[in-house]
Amino acid sequence: GSIEFRLTLTAKQMKKPFEQAVLKPFLSAYSRKASTAHPVTPDDVVRVLVDGEMLGDHTLPASVVLLKGETVDAEVFLRNDAGVATPFCDDPFGGDPFAGRTGARPPAATGAPNPAERIVDF
């Protein structure tokens, strides 16, 4: 399921990087609303779409990404284990590093898309 938020940025916030002005506040609110075990951080973000276009650089000023006075749709795609505690192996140098994790292996490990990837709209 998706969780939707509406953010309004001030002129000062528009000068900040997209990650600082939009992602971090959104992920903080998302963590509270979704009641995640751990706060979701920008490291949990797989990709961001703004009006259907992939945003590759989250350090761009928000004013470059968002148009002043315009409403845009953004989707944040999170890792399937975002906000979940990751168990540690007894021996961090032995065994399967993905043992004990829920969901499929990361796409890079299998070459297949991850069906458990979550989409978050705001």
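A pocket is an open set of grid points with protein on both sides within 12 Å along at least five of seven lines, and its lining residues have an atom within 4 Å of a point. In the predicted model examined here, the largest pocket is lined by 22 residues. Leu7, Thr8, Glu70, Thr71 and Val72 are the lining residues nearest the centre of this pocket. Two elements, α1 (11-14) and α2 (18-34), each contribute two or more residues to the lining. The space within the largest pocket amounts to about 590 Å³. By residue class, the lining comprises 12 nonpolar, 6 charged and 4 polar residues.

Two of the residues nearest the pocket centre, Thr8 and Thr71, are separated by 63 residues in sequence, while their C-alpha atoms lie 9.1 Å apart in space. Thr71 is located in the loop that connects α3 (62-65) and β3 (74-78). The relative accessible area of Thr71 is 60%; because the exposed class begins over 50%, Thr71 is classified as exposed.

Phe5 and Phe26 are 21 residues apart along the chain, and a distance of 7.6 Å separates their C-alpha atoms. The relative accessibility of Phe5 is 21%. Since residues count as buried under 20% and as exposed over 50%, Phe5 is assigned to the partly exposed class.

Note on methods:
Residues numbered from 1 in each chain as written. Predicted model: local features only at pLDDT ≥ 70, side-chain atom pairs only at ≥ 80, totals over all residues. Heavy atoms only, no water. 1 Å grid on protein atoms, 1.4 Å probe; cavity = no way out; pocket = protein on both sides within 12 Å on 5 of 7 lines; lining within 4 Å. Points joined across faces, edges and corners; volume = space filled by probe spheres on them. Helix = DSSP H or I, 4+ residues; strand = E, 2+ residues; numbered from the N terminus. Nonpolar A, V, L, I, M, F, W, Y, C, P; charged D, E, K, R; others polar. Buried < 20%, exposed > 50% of the residue type's maximum accessible area, 1.4 Å probe, protein only.
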